[in-house]
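Please read the following note beside the sequence and the model. Each numbered point takes up one part of the structure.

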Amino acid sequence: MVEELKEELERTFKEVSARRAEEDRLVVTSGREQALAVLKFLRDKGLDHLALISCVDWPDDGELELVYILTSYLRGPEPTGEERVHVILKTRVPRDEPKFPTAVNIFRNAEPYEREIHEFFGVEFEGHPRPTHLILDRDYEVPPFRKDFDTRKYVEEFFDRVPFVEGEG
Amino acid sequence: MSPEILLSVAFVGAALTYILGRISSSLRDVFSVLLSVALVAMVALMYGMSGEEEFYMGFLGLPLVLRYGTLQWLFAIAVSSICALSTVFSLSYMRGKERLNFFYFSMFLVEAGMLGVVLSGDLVSFYIFWEVMSWSAFLLISYNRGPALAAGMKYIVMSVVGSVAMLVGILSLYATYGTLGIPEVASHMASASSGYILFTLIIFGIGFGIKSAIVPLHTWLPDAHSEAPSPFSAVLSGVLIKMGTYGFLLIMYVMVGIKAFLELGSGLYSFHYILCWLGAITAVIPTFIALLQNDAKRLLAWHSIGQIGYIILGIALGTSLGIAGGVFHILNHATFKALLFLTVGAVEYRTGGVRDLNSLGGLIKRMPLTFVGALVGALGIIGVPLTNGFVSKWLIYKTLILNRHPFLTFAAFIGTWGTLLSFYKFLHNIFLGQLPERYKDLEKAPFSMQLPIAILSLAVVFFGILPGIPLKVINKIGVSLGFEPLKVSIWGLASETGALNTLNIFTAVLVAGVIVWLIFRAGMKPVPVPQDNNYAAGSYIPRDRYIYTAEFYSPLFRMIRPYLRDVVDEFYMALSKGVRRTSDKLRRIYVGDVGYYVIYIILFLALLIALKIWLKLW
Amino acid sequence: MWVKAVEIIVSPILAFVIGLFFMGLARKITARIHWRYGPPITQPLIDVIKLFTQRSVSHGLLFDMGVILSLAGSIALVLFIPFGGICPLESSGGLLVILYLMLLIPLGLALSGGEGANPNISIGISRKLMLSLGYEVPFLLAVLAIMTHYHTISAVDVVRAQEGFRWALFSWPLVLPGLAYLMILPAMLGLRPFEVVQAPQEIASGPMVEYGGKYLALVQIEHALAVFVTIALFVDLFLGGASNPFFFFLKMCVIFLLGMFVNAVFPRFRIEQAVRFLWRWPTALAFVGLVFTLLAR
Amino acid sequence: MDRNQIAKWLKEPGKMGQKYSLWATYFCTGCGIIEVPPVITARWDAERFGVIPVSSPRQANLFMITGFVTLKTLKAIIRTYELMPEPKYTVGFGSCPINGGMYWDSYNTIKHLDKYIPIDGWIAGCMPRPEAIFIAVTHLWTLIDKGMADGYIRYRENYRYYRRNQEMVLGKLEWPPLYPVD
């Protein structure tokens with residue numbers, strides 16, 4: 001069943017390459033423009049559960065990789081519908097001006113994931129209803145989860161400059 | 001200082017306030033205050049004097065007589081002092097409103113009517129002043145338009161029914177005895193048959209029951225009290241409903257006499273026992289309905305009915321302690337209920353008419369003296385030791401227990417606990433809790449409002465600590481009504497069966513309080529802290545987050561609300577709807593054509609003749 | 001006269017000591033039931049001393065006066081309760097004053113809590129007043145049954161009438177009110193099945209949230225006196241309060257242990273469940289008892 | 001209760017009272033709270049030392065900061081510490097409050113907690129066992145005895161510096177300062 005899905009994907013979309021990673025897992029990499037179209041296509045094929053959106057930072061390629069993990073709630077995709085399939089959709093976004101259309105109108109539950117990625121990786125999701133902070137309570141000039149965020153330097157700058165109280169008294 | 005001069009001054013004064021009002025409002029204010037204080041002084045001077053005075057002969061041959069004694073004096077002093085205090089209160093309360101001349105005029109008219117009712121010596125003048133009082137009260141209840149008109153209509157319909165019942169009673173007395181003077185009727189009643197006594201008691205009982213709002217006849221009171229302007233609702237629930245209890249005293253003990261009254265009916269079905277049960281029900285059910293109210297004045301109105309239940313319980317028992325307790329509670333209820341209504345009026349004046357218990361809070365910080373007044377009033381109505389409510393409720397409880405009525409005592413005690421719960425809700429939702437943002441800079445109540453509140457609070461506490469003073473007067477009343485006197489000391493009752501000695505209780509609580517205060521001062525000095533420095537699980541309460549408590553006893557409501565629907569009120573409403581529908585149908589027979597009317601007359605005559613022939617009715 | 005003065009001074013102190021001893025005993029027994037070693041018996045006394053050394057926070061005059069009023073009320077209440085042979089102020093009114101002063105204590109705490117302006121306090125106080133309304137119904141019926149049975153309103157007469165093992169708990173019509181009183185004892189003491197008022201987990205110990213150092217000490221003393229008063233009243237009315245204080249103390253221990261065992265293992269009621277329970281079984285028992293005492297007259 | 005115990009009680013009951021009735025605030029700040037339930041229940045029973053958890057900081061005089069302190073929890077800790085009445089003692093559990101522990105280079109956790117609120121005692125270990133907690137309590141007794149557990153006095157005297165440090169890390173605090181800062 002993963003096979004038919006693979007052929008169908010390659011037939012309908014030209015810039016998409018699908019690879020069967022394990023017995024029931026399909027890894028799909030697609031270009032930036034078609035990513036949401038592929039997402040919608042997979043959702044209509046029965047993969048109605050967006051488990052997670054995560055992000056990987058490739059500093060040497062100068063790109064941020066957005067990873068959408070899809071599965072289905074009750075059963076596998078039609079027509080067979082017996083075993084469950086995981087589909088992992090990957091797209092690449094340039095690191096210097098990371099813009100990407102939001103997936104909220106396809107999957108309602110994408111909203112917190114996108115806020116988190118915006119907070120930790122600095123990816124701008126156009127059209128996101130509430131691009132506010134999810135976990136952190138302040139802004140950092142370099143988003144913390146990026147590889148080039150030097151935690152040691154930040155700690156020295158931010159925490160170590162706070163003097164001990166005993167010295168003052 | 002005869003009552004005739006007093007009544008004439010009252011009525012002329014009422015008219016004068018209206019005329020002076022036309023000239024200049026400040027003159028009228030000054031005059032009304034002077035008049036009310038003069039009335040109080042004149043009544044006070046009448047202490048101890050008693051006697052009769054005819055002031056008008058020509059009323060179809062019946063002399064109109066004024067009689068005054070200690071019982072009348074007590075009621076007169078209560079009426080005049082409460083009216084004086086509420087007049088002083090209404091100086092600043094009514095400043096912005098319109099039709100002030102009309103307001104002061106009808107205020108003094110009500111006071112004159114009440115004085116007339118109390119001082120009247122025969123049933124005709126009693127009835128005249130009773131009508132004057134009822135109608136002027138109607139004018140004042142429907143003073144501020146809107147829903148007040150409906151409340152006034154409901155009040156006047158029920159009080160007219162009461163007055164008609166009383167009129168029937170008076171006419172039946174006139175038919176059987178030919179005279180209407182109270183002493184003459186009393187002497188005749190001694191020889192009357194028990195059926196006739198029962199009839200007069202019931203007829204007059206309906207009239208006075210409606211005015212004093214006993215349970216089945218109480219439905220007008222909550223609407224009337226909450227819609228009337230606050231100074232008048234203080235008078236209304238302070239003294240006006242006491243005229244009903246005065247009527248009961250008059251009927252039961254002056255006209256019918258104690259012996260006949262107590263023997264009426266046998267054992268469990270004697271009239272006074274049923275009246276006691278009516279009083280007990282009136283003490284419990286309205287108190288718990290008051291628990292559910294969200295409007296401050298409706299809560300107080302329902303409590304007025306509850307406290308009347310205590311008074312009826314005291315009076316109907318027919319023992320010397322019971323009478324002392326009942327009459328003393330009349331005086332106390334007048335003081336703390338007026339005090340509570342005046343404090344609600346002050347809060348209403350300052351917050352621009354807000355009475356809803358769910359949207360006020362924290363006013364203790366802005367109106368401390370008003371809070372002290374409300375607190376003393378609440379302690380008085382609950383009957384906490386060291387307030388006058390405690391002494392009168394104590395007398396009622398003792399008689400109930402010594403005469404072996406445990407279930408009545410139980411009802412009375414549960415009424416007290418219900419009062420405690422609902423008055424804590426009253427105090428908490430208005431004065432305690434967080435101060436909302438919009439009342440942050442609320443100023444204190446003006447002096448002309450604080451003066452009556454201060455005087456009434458002092459009266460509540462003073463009579464609580466030294467109940468001997470009023471109890472001496474009440475002892476005289478008991479003797480005049482034919483009960484044996486009680487041994488009264490300045491500190492309380494020194495009678496043999498478990499004396500109440502407020503001295504012991506007072507010193508015990510006071511000394512314990514001082515010791516605890518000293519221990520309190522021995523500890524470390526506490527740090528005064530603003531309201532928002534409060535524990536909120538690690539976060540900081542911003543000014544507008546938590547402000548007031550709504551539905552203070554919601555778990556209790558869910559349990560008792562289905563049982564406390566005001567079925568009596570629904571019954572009356574259904575009754576009035578039925579009457580309106582039937583009268584609608586009747587209207588159709590008036591078609592406006594004279595021919596039809598002639599036919600109606602002929603048919604009616606034929607019917608009469610037929611009755612005469614076949615049934616030989618007369 | 002001198003004996004009376006000494007009695008007036010001694011009995012509140014005695015009540016305080018006994019109350020604290022009971023609270024210490026309670027914590028020790030609960031610990032032992034939970035398989036724990038538990039604090040020393042004198043722990044409540046240590047707590048009170050510590051609380052007096054803490055500088056607390058005050059929310060205004062009524063915040064202080066309310067606590068003082070409620071403690072003064074409970075001290076005055078102790079003076080009216082016959083304890084063994086001594087009863088300092090029994091001459092003025094007996095049971096009616098006791099019932100009335102019992103009204104004063106929750107009112108004092110409620111007023112001072114109200115000024116604390118904390119959401120937990122408001123919820124705690126409304127629960128406290130509802131619970132006290134709940135247990136007042138059977139309590140009043142039971143006390144009225146006693147009053148009508150012995151036809152007196154003074155507690156000393158009730159004690160004198162029960163001389164020589166004719167205890168009210170075992171004489172026929174008064175067994176039912178006695179059982180009703182026993183069933184509502186945990187509610188009056190605030191023990192576990194009815195610990196709805198100071199539920200630490202739900203409303204952060206209810207009305208006591210804002211009480212710090214010496215306020216908490218005064219409230220602990222007031223709780224100790226309330227424990228003493230409730231149990232002493234039960235022993236006086238139903239177990240014929242003994243002639244000398246030591247037997248009286250023994251009877252109180254028996255009753256308190258009864259409540260304690262229930263407290264250690266029982267989960268907590270919701271406020272509706274508590275009031276519904278209080279208005280169902282204990283009220284029925286007390287009501288039937290009162291009817292029988294009336295008929296037996 | 002040997003003789004010098006009673007003598008101590010008579011000499012300074014306040015100190016002895018503080019020692020033998022430490023009421024701990026029930027506030028779980030970090031991962032260390034998993035150690036507290038066994039401490040207060042049957043297996044280890046802190047109540048024999050007089051340590052009981054109380055639900056409101058107003059009643060407490062011991063504040064156990066268990067585990068790492070993030071920026072958000074720091075605000076709640078400062079708020080709770082300022083609500084507690086005056087003679088109050090704080091104990092830092094584990095290595096994270098001491099110097100950041102394994103989160104030594106994290107951008108989100110506080111490194112040295114005693115820059116922001118005074119700490120009277122530390123317990124080393126990445127979540128100390130209940131025995132360590134009891135040793136800490138007994139150490140706290142000796143500190144109180146010697147008068148060295150003066151965290152709250154230090155907080156009162158150099159409140160200006162504590163407040164400045166807190167606002168350097170947390171930005172403007174919305175509640176007014178506890179002591180008057182000139």
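**Note on the structure**

1. Helix α9 (residues 220-227) of chain B has eight of its eight residues buried, so it is largely enclosed by the rest of the structure. Here a residue counts as buried if 20 or more other C-beta atoms lie within 10 Å of its own, as exposed if 12 or fewer do, and as partly exposed in between, with C-beta atoms placed from the backbone. Helices (H or I, at least four residues) and strands (E, at least two) are DSSP runs, numbered from the N terminus. The buried residues are B:W220, B:L221, B:P222, B:D223, B:A224, B:H225, B:S226 and B:E227. They pack against α5 (123-141), α6 (147-177), α10 (230-255) and α13 of chain B.

2. This is a predicted model: local features need pLDDT of at least 70, side-chain atom pairs count only at pLDDT 80 or more, and totals for chains, interfaces and linings use all residues. Residues are numbered from 1 along each chain as its sequence is written, while chains are lettered from A and ligands numbered from 1 in the order in which they are written.

3. Of the 15 residues in α15(B), 11 are buried, among them B:F371, B:V376 and B:L379. Their cover includes α13 (296-316), α14 (320-350), α16 (388-402), α17 (406-430) and α18 (447-465) of chain B, together with α4 of chain C. Just after α15(B), B:G383 takes a positive phi of about 90°.

4. Which pair of chains has the most contacts among the four pairs that touch? It is chains B and C. Two residues are in contact if their C-beta atoms, placed from the backbone, lie within 7 Å. In this pair, 55 residues of chain B are in contact with 62 residues of chain C. The largest share of the chain B side, 11 residues, comes from α17(B). By class, that side has 38 nonpolar, 14 polar and three charged residues. Ala, Val, Leu, Ile, Met, Phe, Trp, Tyr, Cys and Pro count as nonpolar, Asp, Glu, Lys and Arg as charged, and the others, Gly among them, as polar.

5. Other pairs of chains may be set beside this one. The contact between chains D and B takes 10 residues from chain D and four residues from chain B; the chain D side divides into five nonpolar, two polar and three charged residues. No contact joins chain A and chain B, whose closest C-alpha atoms lie 15 Å apart. Chain A and chain C are likewise not joined by any contact, and their closest C-alpha atoms lie 24 Å apart.

6. Within chain C, the axes of helix α4 (residues 95-115) and helix α5 (residues 119-150) come within 11 Å and cross at roughly 175°. Axes are lines fitted to C-alpha atoms, for helices over the stretch in contact, and angles run from 0 to 180 degrees between N-to-C directions. The crossing angle makes α4(C) roughly antiparallel to α5(C), a term used for angles over 145 degrees. By class, their contact has nine nonpolar, four polar and one charged residues.

7. D:G50 is found in the loop between α3 (36-40) and β2 (52-54) of chain D. D:G50 is buried, with 21 other C-beta atoms within 10 Å. Leaving aside neighbours within four places in sequence, its contacts include C:P39, C:Q43 and D:Y20.

Methods:
Angles under 35 degrees count as roughly parallel, over 145 as roughly antiparallel, 65 to 115 as roughly perpendicular and the rest as oblique.
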